[in-house]
Amino acid sequence: MPLPDIDRRTFVVGGTAAALALGHVTLVPRPAAAAPNEFKEVIKTLLGREPKEGKVTLKLPPIAENGNTVPLTVGVDSPMTANDHVSAIHILAEGNPAPQVCTFRLNPNTGKAEATIRIRLAKSQIVTAVAQMADGSAYIAGAEVKITVGGCGG
Amino acid sequence: MARPRVRLPSQAKPGEIVEVRTMIDHPMDSGLRKSETGAVIPRKIINRFECLYLGEPVFVAELQPSVSADPYIVFHLRARGSGKVEFRWTDDDGTVYRDEATLTVV
């Protein structure tokens, strides 16, 4: 879903401004680090359902000097029992050449739904984590990262 | 070149959640970078990491080129018996790098 001639930030901010101008302002506070709406649509299509906010904690540095190695820790509030556990966590970087970063597959043997990895970020953007639970439900969280020097080639 | 390293406690209590740290030396060539001559450096990454404990899968990571060089992954496992913890990293070229550790549960 490339948007070739328009910077994503401009697009999102522009969209928000347009919504304000048209009076479509909801009173629900939108978290600053929520995934852009069009990206959420892609996730919804992939999962076959809309992920809910909550349960997922995504930790990244707010400012990273080097986009080649940005530490990321994702945790999901789950007892990790046979009936109630996280089965997968997907990490997505919408501003990278390929948005899929990695997928963790977990099961009750994992015991704790938390993992750490180091990732590449091409530019400042919102990183998204989507957790899929054993019962099929899905939860989403985002974290904004500002990058001084981008990773991914160049 | 791809030297795997794992770190976890050697002993744990039954039911204890154990932190496992892993790392492998690997360039994780994304396929997007160019060499000094302008030629594209072909993609070559570790695309899959898995951990088995007592022969059963505990944790799998499917990796894409957006994972940093020398993939460093931390995860957990629930101690449920003494035995082998196996680690496997699969390279794009089909090579499987392996390491293992023993966890004693008392």
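## How to read the model

Residues are numbered from 1 along each chain as its sequence is written, and chains are lettered from A, with ligands numbered from 1, in the order in which they are written. Because the model is predicted, local features need pLDDT of at least 70 and side-chain atom pairs count only at pLDDT 80 or more, while totals for chains, interfaces and linings use all residues; side-chain values use heavy atoms, leaving out hydrogens and water.

Let's start with confidence. Please take care with residues 1–32 of chain A, where pLDDT stays under 50. For that stretch the model has 25 contacts (heavy atoms within 4.5 Å) beyond four places in sequence.

## Chain A as a whole

Chain A holds 2 helices and 9 strands; these are DSSP runs, numbered from the N terminus, of at least four residues for helices (H or I) and at least two for strands (E). Read from the N terminus, the order is α-α-β-β-β-β-β-β-β-β-β.

Of the 154 residues in chain A, 43% are buried, meaning under 20% relative accessible area, with exposed being over 50% and partly exposed in between (1.4 Å probe, protein chains only). Among chain A contacts between residues at least 6 apart in sequence, 64% join residues at least 24 apart.

## Where chains A and B meet

The contact draws 31 residues from chain A and 28 residues from chain B. About 2,400 Å² is buried between them, with carbon and sulfur atoms giving 47%; buried area is the accessible area (1.4 Å probe) that two parts lose on being put together, summed over both.

There is 1 salt bridge between the chains, defined as a side-chain nitrogen of Lys or Arg within 4 Å of a carboxyl oxygen of Asp or Glu. Glu62(B) and Arg105(A) form this salt bridge, and their closest N and O atoms are 2.6 Å apart. Strands E5 (56–63) and E6 (72–78) of chain B each supply at least two residues of the side that touches chain A. The largest share of that side, 8 residues, comes from E5(B).

## A look at Thr73(A)

Thr73(A) sits in strand E4 (residues 70–76) of chain A. Thr73(A) counts as buried because its relative accessible area is 18%. Leaving aside residues up to four places away in sequence, Thr73(A) touches Thr57(A), Leu58(A), Lys59(A), Glu114(A), Ala115(A) and Thr116(A).

Methods. pLDDT is the predictor's confidence in each residue, from 0 to 100.
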